[in-house]
Amino acid sequence: KPIPLDLLSLLKFTDYPTNRRSSSRNHRSAPSTASASSNSGGQSDNGDPQVIYPLTIHHNGRQHGGSLTFYTDSATHRVEWRQKLDEAIGLRKVVQDANKVFEIETLSTHTFTVPPVTYPLTPSTWNENSITGRVTCSIPFNTPDGRRLVAVGCAEGIWIGFRRDSSSMRRVLHL
């Protein structure tokens with residue numbers, strides 16, 4: 001199954017080369033530079049051990065064991081794989097940025113956090129103006145005099161503040 005580029009991380013492309021281990025098992029090899037060898041004995045045609053170059057990638061979408069190590073037959077091929085993967089990941093990011101429908105903007109890093117649950121709730125464990133909970137909706141708007149504001153709705157009320165200034169957020173309606 002192919003790894004989506006959004007879930008691919010390039011880990012190790014500079015490990016030292018190793019000798020391919022001999023094995024009594026038959027190895028399947030694809031006719032590409034990513035395969036270790038086209039013969040199954042772990043030696044070159046003249047009987048010398050074959051040197052292989054590891055490259056490790058990680059599948060971020062796997063819960064257990066997402067690291068995969070592949071081998072190439074030369075350092076040049078390994079560098080070529082790195083360049084091609086970097087290029088593909090970069091192109092994917094450019095396409096994603098060009099197709100963004102929404103602009104993600106952090107409204108506040110502290111105003112809409114959920115407090116740790118400690119009972120009883122006292123003024124020392126709960127601050128009415130700084131902790132509210134999950135945001136359910138928001139809308140940016142401009143006032144007639146040109147001020148750029150944002151209104152934010154939560155289960156506990158509605159907040160209004162200047163865009164890109166989280167310290168200006170104030171609750172205007174308590175629910």
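1. Which residues does Phe 13 touch, leaving aside those up to four places away in sequence? In this predicted model, Phe 13 is in contact with Leu 55, Thr 56 and Ile 57, and also with Arg 78, Trp 81, Arg 82 and Leu 85.

2. Phe 13 also belongs to the largest nonpolar core, which has seven residues. As general background, nonpolar side chains in soluble globular proteins tend to be buried together.

3. As to the overall arrangement, the protein chain contains one helix and eight strands. Read from the N terminus, the order of these elements is β-β-β-β-α-β-β-β-β. Among the contacts of the protein chain with a separation of 6 or more, 42% link residues 24 or more positions apart.

4. The protein chain has 175 residues, of which 23% are buried. Its accessible surface amounts to about 12,800 Å². Carbon and sulfur atoms hold 54% of that surface.

5. One part of the surface deserves a separate remark. A nonpolar patch is formed there by Ile 158, Val 172, Leu 173 and Leu 175, whose accessible area together is about 370 Å². Leu 175 lies in the segment after β8 (170-174). Is Leu 175 buried or exposed? Leu 175 has a relative accessible area of 70%, and because the cut-off for exposed is over 50%, this residue is classed as exposed.

6. Asp 73 is located in the loop between β4 (67-72) and α1 (75-98). The side chain of Asp 73 makes a polar contact with the side chain of His 77, at 2.6 Å. Why does Asp 73 count as partly exposed? The relative accessibility of Asp 73 is 38%, and a residue is partly exposed because its value falls between the limits of 20% for buried and 50% for exposed. Asp 73 may also be viewed together with Arg 20: the two are 53 residues apart in sequence, and their C-alpha atoms are 10.0 Å apart in space.

Definitions and conventions
Residues numbered from 1 in each chain as written. Predicted model: local features only at pLDDT ≥ 70, side-chain atom pairs only at ≥ 80, totals over all residues. Heavy atoms only, no water. Patch = residues over 30% accessible without salt bridge, like charges linked within 9 Å, V, L, I, M, F, W, Y side chains within 5 Å. Areas by Shrake-Rupley, 256 points an atom, 1.4 Å probe, with all protein chains shown as cover. Salt bridge = Lys/Arg side-chain N within 4 Å of Asp/Glu carboxyl O. Helix = DSSP H or I, 4+ residues; strand = E, 2+ residues; numbered from the N terminus. Buried < 20%, exposed > 50% of the residue type's maximum accessible area, 1.4 Å probe, protein only. Polar contact = N/O pair within 3.5 Å; in protein donor to acceptor, adjacent residues only side chain to side chain. Contact = heavy atoms within 4.5 Å. Core = buried A, V, L, I, M, F, W, Y, C linked by side-chain atoms within 4.5 Å.
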